[in-house]
Amino acid sequence: MKRQILISMVAAGALAALGAWAQNQPQGPPEAAGRGQRMMGTITAVGVNQFTIKKRDGTSQVILVNGQTQISEGRRQNRKAIQLEDLKTGDGVFVMGQPDASQQFVASVVHRIPAAMMEWLESNRGGRAFGQVESIDGNQIKVRNRQGEQTITVTDQTAFAKDGQPISLKDLKIGDRIFAIGEESNGQFTAARVVTGQFGGRGYGRPGRGQGGPAQNPPQNNP
């Protein structure tokens, strides 16, 4: 129990910060931005100019790096560059990139994720949604991020938290930045958890109940 609470304490800001970090990456067509596809996984091998990850769907992917690949760790405020040789087996990573002419996946961005966050993600599988609230209509929250608009559906079982404290849907307002975890089916994203407030703040670890369920929050360490 203590270990589960510790993981939750390390988690809330990290996942939200990862969303904020991804949201602040350059946008535009993959050909122009050089970012392309996104994936997340755990490193299983590291080579001279590549590494292999096990993705969350259980499949493996070889990731090539070159002189243009940006490798980093830490939150946006104190993010620092690291090298390929700093990565090791067991590290979690968030990757952006695209296949080259020979269909080998070349990374433009690699960001190391804390172990506690990866463990939390493995035990809380599901989709992710984030952005700034544009409208709230019944149980539908419309958000906008740099990828466009997205509608998040909430239910009586959705847990809400702000600055680590439990809240409810009625406490959200237009302009709030939120991060949601849930499931996507038939083009509809239904949130199990919605967090807002100071992403990365210590308060995210405080257990509590949101609307209809426990607020099991992600780690507040770096991303």
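In β6, which residue is the bridge partner of Gln37?

Analyst: The bridge partner of Gln37 in β6 is Gly97. Before we go on, please keep in mind that this is a predicted model, in which local features need pLDDT of at least 70, side-chain atom pairs count only at pLDDT 80 or more, and totals for chains, interfaces and linings use all residues. Residues are numbered from 1 along each chain as its sequence is written, and side-chain values use heavy atoms, with hydrogens and water left out.

Let us start with the strands themselves. Strands here are DSSP runs of E with at least two residues, helices are runs of H or I with at least four residues, and both are numbered from the N terminus. Strand β6 covers residues 92–99, and strand β1 covers residues 37–46. These two strands pair in the antiparallel sense over six bridges; two strands pair if DSSP finds at least two bridges between them. Another bridge takes Arg38 to Met96 in β6.

β6 also pairs with strand β7 (residues 105–113), again in the antiparallel sense, over eight bridges. Here Phe94 stands opposite His111 in β7. The two strands form a hairpin with five residues between them, and Gln103 in the turn has a positive phi of about 65 degrees.

How enclosed is β6? Six of its eight residues are buried, so β6 is largely enclosed by the rest of the structure. Buried means under 20% relative accessible area, exposed means over 50%, and partly exposed lies in between (1.4 Å probe, protein chains only).

Now look at the loop between β5 (80–81) and β6, where you will find Asp91. Asp91 is buried, with a relative accessible area of 10%. A polar atom of its side chain lies 3.0 Å from the backbone nitrogen of Lys88. Not counting residues up to four places away in sequence, Asp91 touches Gly41, Thr42, Ile43, Asp86 and Arg112; contact means heavy atoms within 4.5 Å.

Next, follow β1 to its other partner. Five bridges join β1 to strand β2 (residues 50–55), and these strands run antiparallel. Ala45 stands opposite Thr52 in β2, and a hairpin joins β1 to β2 through three residues.

Ile63 lies in strand β3 (residues 60–64) and is buried, with a relative accessible area of 0%. Leaving aside neighbours within four places in sequence, Ile63 is in contact with Met39, Asn49, Gln50, Phe51, Ile53, Val95, Phe105 and Ala107. The C-alpha atoms of Ile63 and Gly47 are separated by 9.9 Å, while the two residues are 16 residues apart along the chain.

The protein chain averages 76, and 70% of the residues score at least 70. Confidence is highest in β3, at a mean of 96, and lowest in helix α2 (residues 30–33), at a mean of 36. Over residues 20–34 the pLDDT is below 50, and this stretch has 37 contacts in the model beyond near neighbours in sequence. For residues 199–223 the pLDDT also stays under 50, and the model has 110 contacts there beyond four places in sequence.

Conventions:
A polar contact is a pair of N or O atoms within 3.5 Å; within protein, one must be able to donate a hydrogen and the other to accept it, and residues adjacent in sequence count only if both atoms are side-chain atoms. pLDDT is the predictor's confidence in each residue, from 0 to 100.
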